[in-house]
Amino acid sequence: MTLKGGATSACAACKYQRRKCIPECLLAPYFPADQTKVFQNAHKLFGVSNIVKILRSLDPSQHAEAMRSIKYQANVRDRFPVYGCLGVIRQLYYQIQMLEEEMHTVLTQLEMYRQHHHHQQQQHQHQHQISSMADDVISQLELGMAPSNNALPLFNQVTHQPYTMQNTYSSSDIDSPPKDNVENNSLWIQHLFLDTNNHGTSNNDSPIAIQSQLLVPNSEPLADTQHQVVQDYDEIHPFFDSIDDRQSYIDTKDAEDSSSSEESLKETTQLMVGNVGSKDLKNAAACFSLTSVN
Amino acid sequence: MSSSSYSSSPCAACKFLRRKCMPDCIFAPYFPPEEPQKFANVHKIFGASNVSKLLNEVPTFQREDAVNSLAYEAEARLKDPVYGCVGAISVLQRQVITLQRELDATNANLFRYAYNEMPPLRPPQPPPPLAAGQSSAFCYPYQWNDPSDEDNERSSGGNM
């Protein structure tokens with residue numbers, strides 16, 4: 001292409017077409033003379049006339065973005081002659097699917113750790129409370145003092161307090177993920193679970209089996225609270241619903257354990273009190289009869 | 001034209017171009033007459049001659065995939081003349097970035113729990129703001145290097 005005065009060189013489009021590059025050339029801003037390969041790709045896929053047609057159908061403010069996408073599409077087609085941008089889209093979909101599956105696995109493991117940690121905390125606090133209250137009673141009896149009016153209700157509160165603590169813990173949302181993410185997570189967790197169920201992979205079976213093993217041994221003192229915990233955790237309620245009927249079996253089993261667990265709890269407290277000494281206990285009981293509990 | 005010797009009707013391409021559909025028509029296997037819109041879209045965006053050249057450069061067993069991808073891109077460009085199918089790529093790429101960040105954060109929490117620590121609650125961080133040179137929210141995932149120049153797409157403002 002001949003240059004007049006050598007002020008400006010023809011754009012790659014006009015150079016390719018061997019024509020004069022006028023100042024009003026639509027493609028000149030987007031195909032500099034040094035980017036011949038880019039233009040060749042765009043020309044090979046779309047053709048100059050089709051590109052100009054697209055640009056003329058758009059507002060001038062949209063030209064830059066349109067040309068950017070046209071060049072990108074043409075370059076991808078040059079790189080992947082068969083699938084082009086569709087291949088890129090499929091790869092991204094596959095990538096997203098893999099990430100979601102991995103997220104599902106990690107969230108499952110995280111939930112198991114949270115429950116295990118939570119149960120351990122509750123057990124520890126429960127035992128600590130029992131021992132501290134027993135120590136209080138022992139110390140008061142040793143001093144020959146009448147236990148406080150609320151001593152007996154304290155023992156009753158031992159069984160009830162975990163419920164309130166559970167409620168407090170569940171409402172604190174310390175460990176709960178953001179709800180907008182959780183709702184999405186619950187949907188694709190169900191979806192992915194159904195998919196993996198259909199495929200019969202063993203990956204989903206192991207977390208469920210591990211979870212059931214975690215629930216059963218820890219059911220002794222706090223099994224009855226677990227049902228309330230499940231109800232309080234809205235974000236994992238759909239998760240449990242999506243698993244299978246074994247979860248309901250575990251709940252009923254826990255319910256049965258809880259009825260015996262409460263009795264064992266009372267026995268435990270009675271044993272601890274019994275270690276004090278029968279005479280002291282009788283004296284304490286006598287004090288109770290004379291005072292109102294409330 | 002001995003129409004009696006041809007039992008099949010002309011393909012959608014030859015029908016659109018109003019020409020005789022020869023037995024060795026390159027479009028015939030991939031543009032059946034029952035799908036006229038498919039060729040119409042492809043012709044409008046890419047042109048019949050460009051599609052023919054592209055198909056000739058592709059092995060025969062991959063031509064159907066090539067045609068389907070071209071049809072998809074043409075339809076996307078007709079629906080969105082500015083971004084075409086590249087808009088979907090940008091959206092998906094951002095989704096991948098977001099998911100990857102969430103996964104990294106969740107893995108970090110899991111790691112802390114595995115060592116019996118309470119993890120601090122950290123919401124997923126939002127995507128970084130656009131750089132000064134970026135004109136839109138588009139994220140082009142693939143880098144394409146023009147072997148003929150050093151500054152790849154910089155002068156045209158592309159980030160490819």
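Me: Is A:F46 buried or exposed?

Reply: A:F46 is buried, at a relative accessible area of 0%. Buried is under 20% relative accessible area, exposed is over 50%, and partly exposed lies in between (1.4 Å probe, protein chains only). This is a predicted model, where local features need pLDDT of at least 70, side-chain atom pairs count only at pLDDT 80 or more, and totals for chains, interfaces and linings use all residues. Residues are numbered from 1 along each chain as its sequence is written, chains are lettered from A and ligands numbered from 1 in the order in which they are written, and side-chain values use heavy atoms, without hydrogens and water.

Me: And B:F46, buried or exposed?

Reply: B:F46 is buried, with a relative accessible area of 0%.

Me: How many aromatic pairs are there over all chains?

Reply: Seven, from a search of the whole structure. Rings of Phe, Tyr and Trp (its six-membered ring) pair if their centres lie within 6.5 Å; planes under 30 degrees apart count as stacked, over 60 as edge-to-face and the rest as tilted.

Me: Why is the pair of A:F46 and B:F46 called tilted?

Reply: The planes of A:F46 and B:F46 are at 45°, so the pair is tilted; the ring centres are 5.3 Å apart.

Me: Where do those two residues sit?

Reply: The pair crosses between chains: A:F46 is in the loop between α2 (36-45) and α3 (48-56) of chain A, and B:F46 is in the loop between α2 (36-45) and α3 (48-56) of chain B. Helices are DSSP runs (H or I, at least four residues), as are strands (E, at least two), numbered from the N terminus.

Me: What about B:F27 and B:F31, what kind of pair do they form?

Reply: Edge-to-face, with 5.9 Å centre to centre and 65° between the planes. B:F27 is buried at 2% relative accessible area, and B:F31 is buried at 1%.

Me: Which residues are in the cluster linked by ring pairs?

Reply: B:F16, B:F27, B:F31 and B:F39.

Me: Which charged end sits over the ring of B:F31?

Reply: That of B:K38, 5.7 Å from the ring centre. The criterion is NZ of Lys or CZ of Arg within 6 Å of the ring centre and within 35 degrees of the ring normal. In chain A, the charged end of A:K71 sits over the ring of A:F31, 5.9 Å from its centre.

Me: Switching topic: how many helices and strands does chain B have?

Reply: Five helices and zero strands. Buried residues make up 42% of the 160 residues in chain B.
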